Amino acid sequence: FEELDIPGGYRYEDQILWGNGEIRLPPNATHNIYTDDVLMQHIFSFIDDNKNNPFFVYYPMSLAHTPWTPTPDDPAYAAWNPTKSISDSSYWPSMVKYTDKIVGKILQHLRDQGLDQNTIVIFSGDNGTSYGLHSVFNGQGVDGGKASTTEWGTHVPLMVYWPGHITGGSINNDLVDFTDFFPTFADAAGVTDLSRYGTLDGRSFYPRLLGQAGNPRDWVFCNYSPKYTVLIDSTVRWVNTKTYKLYDNTGWGRSGNFYNTAADINEIHPLRDSLLTPGAKAAKQALQYILDTMPKYPPKPVLSNFIADVTANSITVKADVVSDGGNPIVQRGSLLNYLDTSNLLFSDNRVADNSISGTFQVTRTRLVPQRFYKICLYAMNGNSSNNTGFISSNCFVTSSTPPISQPASFDANTGGCGIILSWGNASFPPNGATKAGYLLVYSTGMPSLVSNPNRKPPGNIIANGQIIPVSETALPAVPKLTDTLKTLSRDSSYNFLLVPYTWDGANDSTYSYLTVGALQAVSSIAIKSDTACPEKNPGELKISVFPNPSQSRFLLVVNYSAPNHPVSIKVFDIYGNAVFQRSNVSGNTFSFGNSFAAGVYFVKVQRDSDTKTIKILKGTTW
């Protein structure tokens, strides 16, 4: 499935489900069927097929995770469109209720099959709720703290159901972390010799479920190294008891801080050494000893100098892989996702030798033009205990399909007050682009494009010469094949470069240019002094702004300004403040806007008593 383009698939509706390395249920098989209802039915089938044998089910629920959407119990569910609707946190309580409903149905299925008395059901969360969500815990308001190191990010529900064995409604306040689950499962299954698995950090809490003394832990250690950070070591380490918590010298603003979390659950007031009671001082010394003696993971390998080259149908990315020298990198790879659906399009795991370093390059082809993607690279240390995480900030838009061929002819002749240009038609793609046009580069020297113009609007292209868009139209219509330049200097010779391009009309980064073999006219085409025409009324003032909207600069095109009819240009923001102005200027094109903040502006052009105004939009860089 590495090359398979998957156009749809969403977390709760029209989902794509994978099983045993292949797509098991494509979107058309799950249309309007809620994801966790599908997964629940799979669990029912698995239980029914294995009810006469010991079995283990691990069910990582989709609920209750973003995006916040209606459930089948909400009236809005029937009309909810996952491709267009946005996440709405007001549905989160409903999603929690649906979580309870799914769990209740699984418990009832065990009862119906007569399996509830000999099946242990454990329910737990994996992290705190997201920021922006508000809950109530023991009468206290709690704001979501997902990804934080406080109680609201790390303290999650742990509920165990086993009728006839566990006293209903009982509460146990022991410290438990996820390393305790494996020895607990082994204990419940009667497996007592775990030596084959090496040294284990976890402790079984199975005896505690039955009300026995057991061996509960005194403290919990955490080495938190989030995957979404890449180029810095963002690891946070701490150890805590039921009462106290001590960070090491990392801590994201809590470096070395010591808290009484029983009294200060939000970790607002770190305890000063000079004010510690003898008991608190002894507790801190014990926790410091644990931190000092706890083995540290090796430093993360680093991927730096990330470079991406994007076309309409491919992307090539490369980065420098740097190891610490003592922990060789044994694996590196890449992932590619549609940004708008988060569907995995391919994964590329590459095992490398112990000396791997330097440049890591990946090329992916057969992409869809004008589509948002996210590319991720990663590298892993030899003991597989630490990796870079993903370079997930590198999102990109594939460009439009470029023109297919250059025009077959190009002519420039003096005529009247300027130079008349004409050319043959370029071949443009039947699809994969919305608009097509031509850029003209002209100069008294040799015109050329200094750098690759792809994915850049005209205002951002660097050239040896002046750049103007001479023609543009929406496909499938052909852009016009003639234009006249009337503002060139008389008694000067010019050379010309004609460059076809395509554009989707919505995003600057989707421009595609065809520059190989671009047509250049014969040199020494000039306006002679004897061809100059007398001054006359320039006619109606006509202006256009290209592109609009823009994420960078705008190009203002004035139809014609005769020397005796100069124009004045002013650009205002929505508050009436002038952010750009030029007075008494002659010319066809004017560039501005590179320093503008995102927002709405108005371009006012005045010539004599004729005034024209255009509204423009400066977008943010995605």
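The 16 residues of helix α1 should span 22 Å at 1.5 Å a residue, and its end C-alpha atoms lie 23 Å apart, which agrees; the expected span is 1.5 Å times one less than the number of residues. The model is a predicted one, in which local features need pLDDT of at least 70 and side-chain atom pairs count only at pLDDT 80 or more, while totals for chains, interfaces and linings use all residues. Residues are numbered from 1 along each chain as its sequence is written, and side-chain values use heavy atoms, with hydrogens and water left out. Helices (H or I, at least four residues) and strands (E, at least two) are DSSP runs, numbered from the N terminus.

- The buried residues of α1 (buried means under 20% relative accessible area, with a 1.4 Å probe and protein chains only) include Thr35, Asp36, Asp37, Val38, Met40, Ile43, Phe44 and Ile47.
- An α-helix has 3.6 residues a turn, so residues three or four places apart point the same way.
- Thr69 is located in the loop between α1 (35-50) and α2 (92-112), and Thr69 counts as buried because its relative accessibility is 8%.
- Leaving aside residues up to four places away in sequence, Thr69 touches Tyr12, Trp80, Tyr91 and Met95, where contact means heavy atoms within 4.5 Å.

**Backbone features**

- Most residues other than glycine have a negative phi, and most peptide bonds are trans.
- The peptide bond from Leu475 to Pro476 is cis, with omega near 15°, and Pro476 sits in the loop between β23 (466-474) and β24 (482-485).
- Asn548 and Pro549 are also joined by a cis peptide bond, with omega about 5°, and Pro549 belongs to the loop between β29 (543-546) and β30 (554-558).

**Surroundings of Pro429**

- Pro429 is found in the loop between β19 (418-423) and β20 (435-443), and Pro429 is buried, with a relative accessible area of 7%.
- Pro429 and Pro403 are 26 residues apart in sequence and 6.1 Å apart in space, C-alpha to C-alpha.
- Not counting residues up to four places away in sequence, Pro429 touches Thr401, Pro402, Pro403, Ile404, Leu475 and Thr502.

How values were computed: Buried < 20%, exposed > 50% of the residue type's maximum accessible area, 1.4 Å probe, protein only.
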